[in-house]
Amino acid sequence: MRLRAIRPPVWALSGATVVVALVSATVVVTLLSGAATTTAGATEATHSNLTERESGVGSGLRHRGRASGVKIGTAAQPAAMAENGAYQAVLSQEFDSVTSESQMKWDIVEPARGAYDWTSSEALVRFAEANGQIVRGHTLVWHDALPGWVANGTFSPEQLRDLLREHIQTVVGRYKGRVAAWDVINEPIADTGGKLRPSLWMTALGPGYIADALRWAHEADPGAKLYINDYGVEAVNAKSDALYNVVRGLRRDGVPVDGVGFQSHLALSTNLTTLDANLRRFADLGLDIAITEMDVRLPLPATPAQHVAQAGLYTRVLQACLAVARCVSYTVWGFTDRYSWVPYAYPGWGDACLFDATYQPKPAYQQLRQLLVDSPRR
C-alpha cells in the first residue's frame with residue numbers, strides 16, 4: 001500500500017498467543033493474552049441476515065467468480081478473525097484468496113534478529129487451508145515495515161545482501177507449497193516515475209536487488225508465483241512506464257517473475273481511461289496480472305451518491321480484469337470498514353470497503369456480484 005497502515009488497537013497482537021483450532025473446516029481463533037473478545041449477538045444476527053440475503057453458499061463473490069477464472073480475494077488480519085464469527089463467516093464465504101495484510105512483513109516475522117514469530121502468519125494460513133482458499137504472501141522486499149535492527153543497522157552492502165537472501169528464503173521456505181503467490185518486490189518505483197525508488201535496498205545493493213530477490217524466492221519455492229507489486233501504476237503514466245521497462249528487462253534476462261500486481265488504492269477522482277490498455281501491455285509480456293489491494297476511499301461522511309460512484313470504480317476495475325485473459329485475481333484490501341486502514345492513513349477519509357462496519361453490503365458489493373453473473377469470462 002502507498003502509506004503504511006496505522007493499525008487500530010484491535011489489530012495489535014502485542015505478544016498475544018493465537019490458538020487455531022480446526023473444527024468442521026472452520027477456524028476458531030482465540031486470543032489468550034487477556035484481550036477482550038467483543039463478539040456481539042447483534043453483529044452475529046446482522047451477518048446471519050446477510051448470509052441468507054446476499055452471500056449464501058453458491059451466491060457469494062467467490063462462487064460467482066469461478067466461471068471467470070478470476071480469484072476473488074481480500075487482505076485479512078488474524079486479530080480481526082479473533083474478534084467475532086461474523087468476520088470469519090464473510091471472509092470464508094465471499095473470497096477464494098486471502099492476502100496477509102501485515103503478518104508476513106519483516107517487522108512482524110522477525111522483530112529481533114534471529115527471533116522469528118510465526119504466530120499470526122500461521123493463523124492466517126491455517127484459516128485459508130481450512131476454508132479451501134489460496135494464500136497470497138505480502139511482502140518480502142519493501143522499503144517500509146522493516147524491523148529497527150535492519151532499518152537502523154550499520155551493515156555493509158555484502159551483509160545486507162546476505163540478510164535479505166536469508167529473510168526471503170526463510171519465509172518462503174517455511175511456506176513452501178502453502179502460499180500460492182508472493183509479492184516479492186513491493187513498491188520499487190519512485191513516485192515521480194522514471195526511476196527506481198531510492199530505498200535502503202536500492203542504495204546499498206543497486207538495481208540488481210530486484211532480480212536477486214526473485215531468484216532467491218524461486219529457489220525457496222519453485223512452485224510459487226512471484227510478483228512485483230506497486231501503486232499508482234493502474235493508468236499509462238510515467239510510473240507505469242518505468243515498471244513496464246523493469247519487468248520487460250527481467251523477462252528478457254530470464255529472471256523468474258510471473259506477474260505484476262496493481263494495488264489500485266483509488267479515490268473518486270482517479271482517472272482509469274487507459275487502464276485496459278495498460279493491463280494488456282503487461283500481459284503481452286507473458287505476465288500474469290493481479291489487482292492486489294483494491295479499495296476506493298471517500299471523504300467522510302460519505303453520501304449515497306458517492307457510494308454509487310464508488311461502486312462504479314470497483315466495477316470498472318473488475319471489468320478491465322475480466323477483459324484480459326491473463327488477469328488472474330481481483331483482491332480488495334480488507335472487506336469491512338470496521339478494520340479498514342484508510343481512516344488511519346488518510347484522516348478524514350474512509351468508507352472504502354465493500355461492506356460497512358456492521359457487515360452490510362454496499363452498492364459496490366452488489367455491482368461486483370452482478371457483474372460476475374452477467375459478464376463472466378468464457
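Buried, in this briefing, means under 20% relative accessible area, while exposed means over 50% and partly exposed covers what is in between (1.4 Å probe, protein chains only). What you're looking at is a predicted model, where local features need pLDDT of at least 70, side-chain atom pairs count only at pLDDT 80 or more, and totals for chains, interfaces and linings use all residues. Residues are numbered from 1 along each chain as its sequence is written, and side-chain values use heavy atoms, with hydrogens and water left out.

**The chain as a whole**

- The protein chain comes to 15 helices and 12 strands; these are DSSP runs, numbered from the N terminus, with helices (H or I) of at least four residues and strands (E) of at least two.
- Of the 378 residues in the protein chain, 57% are buried.
- Take the contacts (heavy atoms within 4.5 Å) with a separation of 6 or more: residues 24 or more positions apart account for 78% of them.
- Back to H4 for a moment: its buried residues are Ala86, Tyr87, Gln88, Ala89, Val90, Leu91, Ser92, Gln93 and Glu94.

**Aromatic rings**

- There are 13 aromatic pairs in the structure. Rings of Phe, Tyr and Trp (its six-membered ring) pair if their centres lie within 6.5 Å; planes under 30 degrees apart count as stacked, over 60 as edge-to-face and the rest as tilted.
- Phe335 and Phe355 make an edge-to-face pair, because their ring centres are 6.3 Å apart and their planes sit at 85°.
- Phe335 lies in the loop between strand S11 (327–332) and helix H14 (342–345), and Phe355 in the loop between strand S12 (349–350) and helix H15 (363–374), so this pair ties together parts that are 20 residues apart in sequence.
- Trp341 and Tyr346 are both buried.
- Ring pairs also link Tyr87, Phe95, Phe335, Tyr339, Phe355 and Tyr365 into a cluster.
- Arg297 lies over the face of Tyr346, 4.2 Å from the ring centre. A charge sits over a ring if NZ of Lys or CZ of Arg is within 6 Å of the ring centre and within 35 degrees of the ring normal.
- Arg297 also lies over the face of Trp349, at 6.0 Å from the ring centre.

**Helices H11 and H12**

- Helix H12 (residues 275–283) has Leu275, Asn278, Leu279, Arg281, Phe282 and Ala283 buried.
- The cover over those buried residues of H12 includes helix H11 (238–252), strand S8 (259–262), strand S10 (288–299) and helix H13 (304–322).
- H11 and H12 pack at about 10°, with axes 11 Å apart. Axes are lines fitted to C-alpha atoms, for helices over the stretch in contact, and angles run from 0 to 180 degrees between N-to-C directions.
- H11 and H12 are therefore roughly parallel to each other; angles under 35 degrees count as roughly parallel, over 145 as roughly antiparallel, 65 to 115 as roughly perpendicular and the rest as oblique.
- On the H11 side, Ser240, Asp241, Leu243, Tyr244 and Val247 meet Asn278, Arg281 and Phe282 of H12.

**Two residues and their neighbours**

- Val135 lies in strand S5 (residues 134–141) and counts as buried at 1% relative accessibility.
- Leaving out residues up to four places away in sequence, Val135 touches Val98, Met104, Leu124, Val125, Ala128, Arg178, Val179, Ala180 and Ala181.
- Arg215 has its place in helix H10 (residues 208–220) and is partly exposed, with a relative accessible area of 36%.
- Arg215 touches Asp253, Val255 and Pro256, again not counting residues up to four places away in sequence.

- The peptide bond from His138 to Thr139 is cis, with omega near -5°, and Thr139 lies in strand S5.
- The peptide bond from Leu300 to Pro301 is cis, with omega near -5°; Pro301 is found in the loop between S10 and H13.
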